[in-house]
Amino acid sequence: MTRLAGKRAFVTGGRQGIGQGIAERFCDEGARVITCGRGADPGLTGVAWHQLDVADPAAVNALAEIIGGIDILVNNAGVQVEKTVADSTDADWDLVMGVNARGVFNTCRAFIPRMQRGGSIINIGSISGHVADPSMALYNASKAFVHGLTRSVAVDHGPDIRCNAICPGWIETGMLEAGFELARDPALARDDALSRHPVRRFGKPGDIAAMAVWLASDEAGFATGQLFTVDGGMTAASPLNPGLF
Amino acid sequence: MKLEGKTALVTGGRGGIGRAIVRRFHDEGARVFAADLSPDGSFDDTGAEAGEFITLDVTSENDAIAAMAHVGEQAGQLDILVNAAGIEIEKTIEDTTLEEWNQSFAVNVTGTFLTAKHALPLLRRAAAAGSSASIINFGSYDGFIADPGLAAYCATKGAVHALTRAMACDHGPEGIRVNAICPGYIDTPMLQSFFEGEGSGGGGGTIETLQQAVRDVHPMRSYGTPEDIANLVNWLASDEARYASGQLWVLDGGLSAQVQQMRL
């Protein structure tokens, strides 16, 4: 599989989960992959690592100087704080909007001048940017920012660069399992959540990586400015499912 | 009173939502024609606030022509058309017969088309006389996201949404505004039938526990009343809404603003 042969990709937040899944698939497809994160090198085979806080514009600009030209930018780095507006602190705002919103802006601004015609930017939005997850106010809003910026980049920087967002639903990570453990009856909560997915399973990082590969490839040459939801059908259904009561 | 001097026709005028709209229009000073299959439809309604009844099967073009001829003779023009007639088949596509599918489209989509088509000359007359003529269709939040086991209904409502935008484009230049209201769960005979239906209450609860569970999923912690819908219909029908056209107005107590709720 060499759909990305000869392309150079920079994936933010490549330590684990969706970012790791995308980095690995891009490698398999023949791309040269660079990732970054706030911590130490996780040691992914064949993947270059840089320590970076995407919320820091000077640091992003400095790293862009080092990395140079790329064909594919994936803005995957993200954080979440589980609070309502009333409970959120200024520090919560700075953290969530800093990474999820300003971070995407920082990397786009730094790398767009370093991308040639045919370049593809893939932002990780969320179904939470369309419909609200309870007690995730800043996260939901930050993802709506990502959706809006995606359209702006596509409009302003076409035809040279395409820009799309992937909106994942519930992806199997440690975070999802931790959520079920908090339930009164974890097994019931898990079954209930599964029954709300028409495909009767949760997503895997590879499901998102598969869409990222397509959007990064030249096969997606006519796709730009769009939000691609990959959620196993969950948001196609009403949040009210009387069959479950 | 917002609708003084205006003439309105409401299809499904004896149904749960239609009846509330007829009454509200009457209270706001409009002359109202309530059109339905029979005067005792879902609700047997009499008195001035029940409007002037017209027998109308919205799937019949002859009925639509006759109804508009009657309104033309009686009132000379039509300022407001509300397409509130609708039916709901509670089945997946596999269980839906072709007859049921066709009937769903005949009432919900073709009915909207026929009634609006033959109302246009009367609406144009109102617009020419300086009225902000208004067609209000009934879509549904089900036109955006699906309820299980309501396939034909979901499809017809999606069609009404697209038809609403198309009509707004085509007839805006003639001074006719076209909007759709997309209700969520509204306390009507249709909703009660849904509660009592086989497709719901799978957990073995009673209708009361199901109703409470449905309320609890809504950010407003209740489902809506026909009067809630009539409030927005009244605004869209009035001259205050003269710049509102081509839009789908979701009124659902916040239901569709949220993602699926994890049961914790």
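Select N137(B) and then A180(B): A180(B), in β6(B), is the bridge partner of N137(B). Strands here are DSSP E runs of at least two residues and helices are H or I runs of at least four, numbered from the N terminus. This is a predicted model, in which local features need pLDDT of at least 70 and side-chain atom pairs count only at pLDDT 80 or more, while totals for chains, interfaces and linings use all residues. Residues are numbered from 1 along each chain as its sequence is written, and chains are lettered from A and ligands numbered from 1 in the order in which they are written.

Contact means C-beta atoms, placed from the backbone, within 7 Å.

Now take the whole sheet of chain B. Its seven strands form an open sheet in the order β3-β2-β1-β4-β5-β6-β7, with parallel pairing. From one strand to the next the twist averages 20°.

Move to helix α7 (residues 226-237) of chain B. Its twelve residues reach 16 Å from first C-alpha to last, close to the 16 Å expected at 1.5 Å a residue, where the expected span is 1.5 Å times one less than the number of residues. Its buried residues include P226(B), I229(B), A230(B) and V233(B); buried means that 20 or more other C-beta atoms lie within 10 Å of the residue's own. These buried residues pack against β1 (7-11), α1 (16-27), β4 (80-83), β5 (133-138), β6 (176-183) and β7 (248-251) of chain B.

Select I21(B), which touches V10(B), V82(B), A84(B), A230(B) and V233(B), not counting residues up to four places away in sequence. I21(B) is also among the residues with the most contacts inside the largest nonpolar core, of 62 residues. Such a core is a set of buried Ala, Val, Leu, Ile, Met, Phe, Trp, Tyr and Cys residues joined through C-beta atoms within 7 Å.

Methods. A residue is buried if 20 or more other C-beta atoms lie within 10 Å of its own, exposed if 12 or fewer, and partly exposed in between; C-beta atoms are placed from the backbone. Two residues are in contact if their C-beta atoms, placed from the backbone, lie within 7 Å. Two strands pair if DSSP finds at least two bridges between them. Axes are lines fitted to C-alpha atoms, for helices over the stretch in contact, and angles run from 0 to 180 degrees between N-to-C directions.
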